[in-house]
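Subject: Handover of a structure and summary of findings

Dear colleague,

Please look through it before reading the notes that come after it.

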Amino acid sequence: MHKTADQIAPRYSTRLSRDRDHVLKAWIALILWLIVIAIESTTYLSSQQTSRILYPILHFLFGINYAQFEPWHHFLRKCGHVFGYALLSILLFRAWRETLPSPLGLRWTPRWAAIAVFGTSLVATLDEWHQSYLPSRTGTYRDVILDTSAGILAQLAIFLYYKRRQKRLAGV
């Protein structure tokens with residue numbers, strides 16, 4: 001029996017997924033999250049605006065004064081970065097996994113993870129660049145590093161999840 005090159009070494013497929021519903025759902029979720037990130041990048045969610053919301057809440061719940069609030073406010077905003085860009089990385093991974101399926105039926109490949117991390121870094125860079133033009137915002141490379149790191153950690157979590165799942169299904 002004669003085997004084709006794809007049967008011998010089917011590393012990556014360039015064929016697009018045929019299940020359009022899954023592809024569409026994955027890309028819609030990603031686009032909606034990109035819209036959320038774009039809105040968060042405006043003056044409406046600058047540090048001054050979020051402090052108007054968060055300070056009364058934290059003051060009421062914990063009785064903290066404004067001097068105590070500032071480090072917590074900074075911490076909560078950075079947690080928002082980590083959550084937002086980790087989720088972006090997961091959604092990018094999912095969208096590319098659905099769009100460019102593995103010929104071997106794999107649930108994780110370095111290809112999808114790399115595209116997701118690159119996309120996360122690109123969006124973070126564009127977001128900070130946009131903020132550098134707004135008087136009430138500051139664009140900083142440190143946030144790009146934080147956001148990209150969150151994307152890398154999300155990909156590591158996805159990898160470990162599927163590795164553990166694979167061992168469980170194998171009965172190890």
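The notes below set out what was found, beginning with the overall fold and then turning to individual regions.

Please bear in mind throughout that this is a predicted model.

Overall architecture

The protein contains six helices and zero strands, and its elements follow the order α-α-α-α-α-α from the N terminus. It has 172 residues, of which 32% count as buried. When contacts between residues at least 6 apart in sequence are considered, 70% of them join residues at least 24 apart. The protein exposes about 11,800 Å², and carbon and sulfur atoms account for 67% of that area.

Helix H6

Helix H6 covers residues 141-170. Its 30 residues should span 44 Å at 1.5 Å a residue, and the C-alpha atoms at its ends lie 43 Å apart, which agrees. At the start of this helix, a side-chain oxygen of Thr140 comes to within 3.2 Å of the backbone nitrogen of Arg142. Just after the helix, Gly171 adopts a positive phi of about 80 degrees.

The buried residues of H6 are Asp143, Val144, Asp147, Thr148, Ala150, Gly151, Ala154, Gln155, Ile158 and Tyr162. In general, an α-helix has 3.6 residues a turn, so residues three or four places apart point the same way. The buried residues of H6 pack against helix H4 (66-99) and helix H5 (110-131).

Leaving aside residues up to four places away in sequence, Asp143 touches Lys78, His81 and Glu128.

A search of the whole structure finds two salt bridges. One of them joins Lys78 to Asp143, with 2.7 Å between the closest N and O atoms. This pair links distant parts of the chain, since Lys78 belongs to helix H4 and Asp143 to helix H6, and the two are 65 residues apart. As to accessibility, Lys78 counts as partly exposed because its value is 24%, which falls between the 20% and 50% limits. Side chains of opposite charge can pair when their charged atoms come close.

The other salt bridge is formed by Glu98 and Arg97, whose closest N and O atoms are 3.8 Å apart. Both Glu98 and Arg97 are buried.

A nonpolar surface patch

On the surface, a nonpolar patch is formed by Leu24, Ile28, Ile31, Leu32, Ile35, Ile39, Tyr44 and Leu45, which together have about 800 Å² of accessible area. One of its members, Ile35, is located in helix H2 (residues 20-40). Ile35 counts as partly exposed because its relative accessibility is 43%, a value between the 20% and 50% limits.

The loop between H4 and H5

Ser102 is found in the loop between H4 and H5. This residue is buried, given its relative accessible area of 14%. Apart from residues up to four places away in sequence, Ser102 touches Thr109 and Trp112.

In summary, the two points to which I would draw your attention are the Lys78 and Asp143 salt bridge and the nonpolar patch that includes Ile35.

Yours sincerely,

A colleague

Terms used:
Residues are numbered from 1 along each chain as its sequence is written. Side-chain values use heavy atoms; hydrogens and water are left out. Helices (H or I, at least four residues) and strands (E, at least two) are DSSP runs, numbered from the N terminus. Contact means heavy atoms within 4.5 Å. The expected span of a helix is 1.5 Å times one less than its number of residues. Buried means under 20% relative accessible area, exposed over 50%, partly exposed in between (1.4 Å probe, protein chains only). A polar contact is a pair of N or O atoms within 3.5 Å; within protein, one must be able to donate a hydrogen and the other to accept it, and residues adjacent in sequence count only if both atoms are side-chain atoms. A salt bridge is a side-chain nitrogen of Lys or Arg within 4 Å of a carboxyl oxygen of Asp or Glu. Patches are made of residues with over 30% relative accessible area and no salt bridge: like charges are joined within 9 Å, nonpolar side chains (Val, Leu, Ile, Met, Phe, Trp, Tyr) within 5 Å. Accessible areas come from the Shrake-Rupley method with a 1.4 Å probe; for residues, only the protein chains shown count as cover.
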